[in-house]
Structure formats: structure tokens, C-alpha cells
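Please examine the sequence and the three-dimensional model shown here before reading on. The explanation is meant to be followed alongside them.

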Amino acid sequence: MSNERSNQQLFLARVPEGISGPQDFAVREAPIPTLKEGQLLIESHYVGVDAALRLITRDSDEFLFRVRPGDMVRGSIAGRVIESNNPSFRVGEFVNGSLGVQRYAISDGAGLERCDLQLAPLGSWLGGFGVSGLTAYFAIFDACKPQPGQTILINGAAGAVGSMAGQFAKLAGAKVIGITGGPEKCKWLVDELGYDVAIDYRQKDWYQRLVEAAPDRLDFIFDNVGGDILDQSLKLIGMNGIVLMCGSTSQYTAEDMKGPANYIWLGTMRARIQGFVVFDYAHRYGEARKRMAKWIASGELKLPEHAEKGDVGDFGAVFEKLYRGANRGKMLLKLPAAGS
Ligand SMILES: NC(=O)c1ccc[n+]([C@@H]2O[C@H](COP(=O)([O-])OP(=O)(O)OC[C@H]3O[C@@H](n4cnc5c(N)ncnc54)[C@H](OP(=O)(O)O)[C@@H]3O)[C@@H](O)[C@H]2O)c1
């Protein structure tokens, strides 16, 4: 079948400097080719706006993959199958996958996930019910395993991963301390997500507040941001503690990345820094979602998200907002096909 619709695809225009924004991206119009046997066409409703994109657009090889100037921007989309030459996918089904930032995507079905909207709304399949939530789930229940009476510190606490990690740690019975930017986000963490304490890192006395909140030191530091926030917190790591290295958002924008100076406390406290990548758990996503669906149904788990309406060309502006901390939960770009 031929298509009169034309596609909009987002490309990286240049290597970003500092906080990335519209200046780093370019939209190209492209025809939608006729589907071959086995292919399907997906109309994108949501694009996931991930902090990690800033890491993989750096002019260096710190992560598993890279996006170079001239490449289509990597990203996950969730949308509806609108044409199908693939017997496994029917027109009208909702799917998500890492198909790049574009309005329409052609797929052969490999790596696509079907989205059951009875379990979670479509956008959440890119956020709390998607990779962000799964990252938090396995980092908490498999890598950290907090017990009642233990204390966990989560930085980047109001973000896509952090907002889920805090809820999971509460479900595990731990005392949960969150660090984020601004008093509104702190209030939201405590009032809406059940964090025990939330600390605004933009306040000068934030470290003192952390010392007061953790009189028995920290059994876990769930690190999303790295930098000075991690460095100061390391002074409070507890005996046999785990510093779960989930991400280093503050360093992704830095020309020269900086490691922690207070690592010496790891030795004194017999603690360790542990790397973590969610893709190692891909074979267990179904198991995690089963438990999550129960908690969602019982009202014990929320799927926070912040959707900005726009088109593919608005991605850069939304990405900049993410780095300025505008989001509570997962930042999404909601495309016109998703409706109002
Ligand atoms: N290991 C894995 O498998 C895995 C999987 C997914 C994501 N990640 C990582 O997890 C981290 C969080 O990702 P996400 O998608 O959930 O992003 P996110 O936390 O939703 O968004 C980024 C947040 O970072 C904060 N931030 C920005 N610049 C900062 C700075 N200089 N210092 C401190 N905080 C800053 C902002 O919130 P504030 O208002 O609080 O500043 C912003 O809202 C990222 O580092 C990502 O790479 C890892």
C-alpha cells in the first residue's frame, strides 16, 4: 500500500554543549515507503524523553551505544499499528519499542512490545510501566533488596526512575529519603509518593538536613545524578552499604566528568559501588509488570508522568526542560496522534 502521509524524523544536528536543546536537533521530512512482507507501520503517540540521551550524544564512548551528528535520534515511542503486513500484529493494536524519534515508524516486529492499556495507559509504557519503572524495580528488589528498618537515599528522586524507586523502596518497608530540586517537588515526594523525607539540593544546608535525616547512616545510595550530591552523600554510607550506580545525570552535561572524592568512606564502611543496567533483566520484565499491575490496581503504586504536547520538532525544547527539572516522573512528548 502506498502512503501519501510524510514522516517527520529527528536527527542530531551537532554534538551538544552543556544543557542540550532545540539547537542540537533537526527535523527532516521523509516519504513513508511501501511496507514489505512482514513489516508494520506504527503511528507514534508518545516519545519517551530520556536523560540518558545526553550521555549517548557526547563525543565519547561512555555507554553501550552512541548517537552521532547526522544520526536519527534514538528513543522509544509508543503508538498504534496503522498498517500491517505482519501476521503477529493487527491494525489497531498499541505497541512500543526503541524505534527512534519520528512520527511514523516501520518495524519488522523485532523488539516490539504490545501495550495492554488495561494494565497501564499508553504513555506509561514508556515511563513507570516501561524502562524507567523496570529500572527502579530491579535496582530496588534485585540489586539493593532493602529491608524494613534500613534507610535508602535516592537522588534524582522526582524523576522518571527516582519517583518509581522511592515507591518500591517504601513497599519494601525501608525508610526513604529523596533529594531533588525545589520545594514543590520535595512536597510532592512526601505528600504524593510517600517518601519519609525530601531534601532540596538547591538549599545551602541540604547536606546538614541529610545528616539529620539519617542518624543511622545510609544502607543504600540509589544514585541517579552523581557529582557533588553523590560525593557529599558518600560520607554517610553505612556499614556494608551499597551505592547503586544507576545514572550520573549531572555529569552528562559536563565537559570533564568528575568522580567522587569521598570514595574513601567505602573502605572504612566495607561498602561498594555497584554498576547496574536494566537491559540485563529483559527476560524478567513480565514478572515485574505482574507485581506492578497488582500494586497499581490496589492504589499502592502511582505512575507519575509529565507530558508536553508537541510535534517531533518540539523534542529539543522538551529535552531542555527535562534537564531544567520541569518534570515530576517520566517526561514524555505527546504527539498530535495521541489526541487532546
Ligand atoms: N542504569 C540503567 O539501566 C538506567 C536506565 C534508565 C535510566 N538510567 C539513568 O537514570 C538517571 C535518571 O534518568 P531519568 O530518565 O529518570 O531522568 P529524570 O530523573 O526524569 O530527569 C532528569 C532529572 O535530573 C535532575 N537534574 C538535571 N540536572 C541535574 C544536576 N546537574 N544535578 C542534579 N540533578 C539534576 C532534574 O531534576 P531536579 O529538579 O531534581 O534537578 C531532572 O528532572 C539518568 O542518569 C539515566 O541515565 C539508568
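The paragraphs below treat the overall fold, then the ligand site, and finally some individual residues.

This is a predicted model, in which local features need pLDDT of at least 70 and side-chain atom pairs count only at pLDDT 80 or more, whereas totals for chains, interfaces and linings use all residues. Residues are numbered from 1 along each chain as its sequence is written, and side-chain values use heavy atoms, with hydrogens and water left out.

The protein contains 10 helices and 15 strands; helices (H or I, at least four residues) and strands (E, at least two) are DSSP runs, numbered from the N terminus. Along the principal axes, its C-alpha trace spans about 65 × 45 × 35 Å. Of the 340 residues, 53% count as buried. Here buried means under 20% relative accessible area, exposed means over 50%, and partly exposed lies in between (1.4 Å probe, protein chains only).

The ligand is surrounded by 27 residues, and the closest are Thr180, Lys185, Tyr201, Tyr252 and Asn327; a residue is near a molecule if one of its heavy atoms lies within 4 Å of it. By type, the shell divides into 14 nonpolar, 11 polar and 2 charged residues. In this grouping Ala, Val, Leu, Ile, Met, Phe, Trp, Tyr, Cys and Pro count as nonpolar, Asp, Glu, Lys and Arg as charged, and the others, Gly among them, as polar.

Taken alone, the ligand exposes 910 Å², of which the protein buries 88%; accessible areas come from the Shrake-Rupley method with a 1.4 Å probe, and for residues only the protein chains shown count as cover. The elements that give two or more residues to the shell are α3 (160-171), α7 (249-252) and α10 (315-323). Of these, α7 gives the most, with 3 residues.

Most residues other than glycine have a negative phi. Lys145, in the loop between α2 (131-144) and β8 (151-155), has instead a positive phi of about 55°. Arg217, in the loop between α5 (206-213) and β11 (218-223), has a phi near 65°. Arg217 is partly exposed, with a relative accessible area of 23%.

Gly275, in strand β13 (residues 272-275), is exposed, with a relative accessible area of 57%. Gln8, in strand β1 (residues 6-12), is buried, with a relative accessible area of 16%. The side chain of Gln8 makes a polar contact with that of Glu29 (3.2 Å). A polar contact is a pair of N or O atoms within 3.5 Å; within protein, one must be able to donate a hydrogen and the other to accept it, and residues adjacent in sequence count only if both atoms are side-chain atoms.
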